[in-house]
Amino acid sequence: MACSGNRVVVDIFGREVREVCLEEGATVRDLIKALGLRVSEVVAAVNGEVVAEDEVLPPAARVKLHSVVSGG
Amino acid sequence: MGGTARCFVCGRRASVYVSYLGEYLCPEHFVEYFERRVRETLVWFRLVERGDRVAVAVSGGKDSLTTLYLMRKFSEEMDFEVFGVAVDEGIAGYREYKLEALRSLAREIGVDVHVVTFRELFGLTLDEAVAALRERGFEVKPCTVCGVFRRYALNRAARELGATKLATGHNLDDEVQVFAMNLIKAHADGIVREGLVTEPASERLVPRIKPLYFIPEKEVLAYTLIKGIHTPFVECPYIVYALRHPIRHWLNEVEDEEPGAKYRVLAFKEVLRNALPPPPKEMMLCRICGEPTSHPVCRACELKSYILSTRAGRDDAGRGGRAAGVARLPPHPG
């Protein structure tokens with residue numbers, strides 16, 4: 001499917017990898033919300049680096065989401 | 001458009017947004033901030049003293065690995081000993097991965113880890129216990145049995161290994177979740193008991209301390225990722241049975257809307273703990289196992305009897321007999 005904005009590849013908790021089309025200038029926070037997740041339950045790494053939620057996603061970013069919620 | 005959030009200390013690219021402060025931090029200053037708060041918790045509240053022998057309860061998850069790592073880091077300058085105690089409950093496809101991560105970190109930082117198992121202490125694994133609980137329609141939940149057995153196992157192992165303190169990886173989120181659960185169950189004693197330090201009511205109980213008490217769970221995860229402390233993402237298969245599961249998601253939703261909400265709940269818990277009467281201190285020794293308890297028979301022995309009687313009943317049925325004489329001990333709260 002065509003994406004006129006920013007197409008990013010997201011690894012969600014090591015369970016699935018998905019392509020998501022976001023608007024240009026979208027942040028990590030926008031991505032987390034678009035996936036229906038809670039910001040306080042996710043830590044994101046963009047292109048291998050842990051980043052804050054307000055980081056703007058670079059074009060074609062590879063994002064790995066880590067789940068905060070895991071039973072010890 | 002800027003595009004990059006900047007550390008408020010040095011201006012470098014930020015890794016963490018500390019929502020309750022409204023500030024961004026780069027990896028270096030986040031690690032410094034994180035470690036300083038844990039160290040200050042240890043010092044300010046006198047959680048450890050010179051010469052202490054601290055057992056760290058380690059599961060192999062991010063919280064306990066971080067606790068072990070930091071206790072080891074602070075042990076030399078603060079002059080105390082550290083070792084790990086792990087409990088293998090017998091949860092196939094889960095615990096073995098966590099224990100592997102634990103052994104790897106322990107080797108790297110030079111800490112001994114002692115592993116005790118439910119099988120050796122109680123004669124059955126948690127998987128076997130859950131099969132028996134299922135037969136009774138989960139009137140007792142897996143997390144109840146696991147929690148009671150783990151506390152028993154950790155205290156006994158720590159004491160037998162000569163520990164003067166038992167450190168656990170409980171973080172801010174754990175504390176707020178347990179508080180909410182105690183409120184829902186109207187369990188006032190539970191609220192009073194769950195503090196930063198658990199005062200021992202018996203010399204056979206090792207005092208428990210919680211170095212991560214003031215640290216949000218999300219920050220613990222960010223810390224492990226930045227420091228390269230590896231912990232596999234595998235969830236306990238029994239978490240879906242826990243009341244904690246919906247409560248933690250609700251609290252996280254509230255935190256996203258109202259940053260700092262968890263700290264305010266924790267602060268209110270402390271107010272309440274000071275206002276409520278202290279729980280009874282008299283302890284006796286369990287008539288079956290000799291461990292300290294506030295009842296004639298401890299909760300671990302009571303649950304073990306309940307589970308084994310179900311299994312015995314099933315075995316009887318398998319031989320063509322009836323499940324006669326199955327104990328139906330009314331589970332008391334907690």
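User: Which side chains meet Arg38(A) in a salt bridge?

Analyst: A salt bridge is a side-chain nitrogen of Lys or Arg within 4 Å of a carboxyl oxygen of Asp or Glu. Here the partner of Arg38(A) is Glu253(B), at 2.9 Å from N to O. Between chain A and chain B the count is 4 salt bridges. A word on the source: this is a predicted model, where local features need pLDDT of at least 70, side-chain atom pairs count only at pLDDT 80 or more, and totals for chains, interfaces and linings use all residues. Residues are numbered from 1 along each chain as its sequence is written, chains are lettered from A and ligands numbered from 1 in the order in which they are written, and side-chain values use heavy atoms, with hydrogens and water left out.

User: How many residues does each chain bring to the contact?

Analyst: Contact means heavy atoms within 4.5 Å. Chain A gives 25 residues and chain B gives 31 residues. Buried area is the accessible area (1.4 Å probe) that two parts lose on being put together, summed over both. For chain A and chain B this is about 2,600 Å², with 51% from carbon and sulfur atoms.

User: Which strands of chain A each supply at least two residues of the side that touches chain B?

Analyst: Strands (E, at least two residues) and helices (H or I, at least four) are DSSP runs, numbered from the N terminus. On the side of chain A that touches chain B, strand 3 (42-46), strand 4 (49-51) and strand 5 (62-67) of chain A each supply at least two residues. Strand 4 of chain A has the largest share, 3 residues.

User: What is the strand order in the sheet of chain A?

Analyst: Two strands pair if DSSP finds at least two bridges between them. In chain A, 5 strands form an open sheet in the order 2-1-5-3-4, and the pairing is mixed. At the edges are strand 2 (16-22) and strand 4 of chain A, each pairing on one side only. Strand 1 (residues 6-12) and strand 5 of chain A run parallel, joined by 4 bridges, and Asp11(A) stands opposite Lys64(A) in strand 5 of chain A.

User: Which strands of chain A does helix 9 of chain B touch?

Analyst: Helix 9 (residues 217-227) of chain B packs on this sheet and touches strand 3, strand 4 and strand 5 of chain A. For angles, axes are lines fitted to C-alpha atoms, for helices over the stretch in contact, and values run from 0 to 180 degrees between N-to-C directions. The direction of helix 9 of chain B makes about 30 degrees with that of strand 3 of chain A.
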